[in-house]
Amino acid sequence: MGQEDGGLRAQRALWADPGWRRWVLASLFPRLGGAMMPFALLLVGEAALGSFASGAWMTSAYAVGAAVASPFRGRQMDRRSLPGALRTPLLLQALLCGAMALAGTVRAPLPVLLGLSLLLGVIPAGVAGAYRALLPSLLPPARLAPAFAIDAVLIEVAWIGGPPLVGALALVHPALSLGVIGAGALVALGINRWLPPRAPPPPSTLPGDRVSLRPLLRGMPLRVYVSVVACGVGWGSVDTALPARLVELGSRAELWGGLSALLSVTSAVGGLVHAGLLRPSSPQRALGRALVFLSLWGGLLLPTVWMDSVLGLGVWLAAAGLFLAPLVGLLTYLLQQALPSDRQAEGFALYGACWALGIGVGSALTALLLRHASAQLALVPTGAVPLLAAGAVVLLTRAQPRPPPVP
């Protein structure tokens, strides 16, 4: 077959590529840190100030900082050589992790913790987009579709290990996780030396100096970004509401690490199964499949609102997880196909910004509902928002003007 489209043969060819294997290793530690950070900030805030709501506000500040800064950082990544442009943000992230660990240990006031959380989101913003922007320069076009499908599974591998590691380290000290995240950023610096450099596009093809998101917020990219925000709201809500709900049920907040790993395991399984299937024959079919997965992700999270046992929560989380990695794989593939070649890092940074924005909104909703209602009601946005967003994207697609018929 001329084009490898996601089957087992494409996966074998992908893993035989040394450039792909080096990229996987290099991107592992920043992703593990990103998987650990929300839960780590939640527990640091609760330990320092005695309130899960305070920890949820810290998680929200972190996510909002990442969302605001990502498009600008992505533009900078597009204009500089990669992975060299990752050196400064990874170094600063390590320093900020140490500062936050110290502030949490001495029980610094909430404004200080919120400021550091905001910086922890701003400084490494764009790093994930830069790693994804490297892929087209490392792989032939025929391997990009299976690469993005497997990439979604690799993200879940990070989430399998990240939250449980935070929970285990928190049994020693809540701030210890931040030290591990900082150390991982330094390790990534060394591994990046193994990646071949990607030169920036020639000055004649670079976007203008002014950051303009308008070209990225229409057509297929807009549909992808709306879906990503909704998916992020679901994750942000469950990530910050479940620890408080577990305490409400008489369990320990650290148990969320194990439940999060269960969700990620089933997500990785779902991603591997989906990666072995044929790719959809057109972007419209791929978007349709993605919206089905988004609806299943939200619809299977919604029953967690009524669960009053850890077993019940685990069953529905595991079921929802089956569709998360397939959804992410489809969305990233659709975005890569729709973005111009000179705005790949910026476009994927905006993807990360939308994910972070969703997490920030979900965490803020949790903080408000924990303060004014209950942890049980704080779980409502986990499923409701993805379901509403899937319907909105369908309406948006139907409202798009159809091209005139060819005479």
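Leaving aside neighbours within four places in sequence, T366 is in contact (heavy atoms within 4.5 Å) with G236, S237, T240, A241 and A378. The model is predicted, so local features need a pLDDT of at least 70 and side-chain atom pairs count only at pLDDT 80 or more, while totals for chains, interfaces and linings use all residues. Residues are numbered from 1 along each chain as its sequence is written, and side-chain values use heavy atoms, with hydrogens and water left out.

T366 is placed in helix α14; helices (H or I, at least four residues) and strands (E, at least two) are DSSP runs, numbered from the N terminus. The relative accessible area of T366 is 0%, and the residue is therefore buried. Buried means under 20% relative accessible area, exposed over 50%, and partly exposed in between, with a 1.4 Å probe and protein chains only. From T366 to F29 the separation is 337 residues in sequence and 28 Å in space, C-alpha to C-alpha. Helix α14, residues 344-372, also holds S363. S363 is likewise buried, at a relative accessible area of 0%. Apart from neighbours within four places in sequence, S363 contacts A56, T59, S60, G236 and T240.

Confidence in the model was examined through pLDDT, the predictor's confidence in each residue, from 0 to 100. The protein averages a pLDDT of 84, and 90% of the residues score at least 70. Residues 1-6 have a pLDDT below 50, and this stretch has 17 contacts in the model beyond near neighbours in sequence. Residues 403-407 also have a pLDDT below 50, but this stretch has zero such contacts. Where pLDDT is low, the predicted coordinates should not be read in detail.

Helix α6 covers residues 127-138. At 1.5 Å a residue, its twelve residues should span 16 Å, and the end C-alpha atoms are 17 Å apart, which agrees; the expected span is 1.5 Å times one less than the number of residues. Nine of the twelve residues of α6 are buried, so the helix is largely enclosed by the rest of the structure. The buried residues of α6 are V127, G129, A130, Y131, R132, A133, L134, L135 and L138.

Not counting residues up to four places away in sequence, Y351 touches R132, V224, Y225, V228, V328, L331, T332 and L335. R132 is among the buried residues of α6.

A pair of aromatic rings is described by the distance of the centres and the angle of the planes. Rings of Phe, Tyr and Trp (its six-membered ring) pair if their centres lie within 6.5 Å; planes under 30 degrees apart count as stacked, over 60 as edge-to-face and the rest as tilted. A search of the whole structure finds four aromatic pairs. In one of them, W15 and W20 are edge-to-face, at 5.6 Å centre to centre and 75° between the planes. W15 is partly exposed, with a relative accessible area of 36%, whereas W20 is buried at 0%. The pair of F293 and F323 is tilted, at 5.9 Å centre to centre with 40° between the planes. F293 lies in helix α11 (residues 283-301) and F323 in the loop between α12 (310-321) and α13 (324-338), so this pair ties together parts that are 30 residues apart in sequence. F293 is buried, at 13% relative accessibility. One aromatic cluster is formed by W15, W20 and W23.

A search of the whole structure finds zero disulfides, a disulfide being a pair of cysteine sulfur atoms within 2.5 Å. For C231, the closest cysteine sulfur is that of C354, at 12 Å, too far for a bond. C231 is buried, with a relative accessible area of 1%. C97 is buried as well, at 1% relative accessibility.

R107 is found in the loop between α4 (87-105) and α5 (110-122). Its phi is near 60°, a positive value in a residue other than glycine. R107 is exposed, with a relative accessible area of 56%. L92, in helix α4, is partly exposed at 36%. L92 and I123 are 31 residues apart in sequence and 6.9 Å apart in space, C-alpha to C-alpha.
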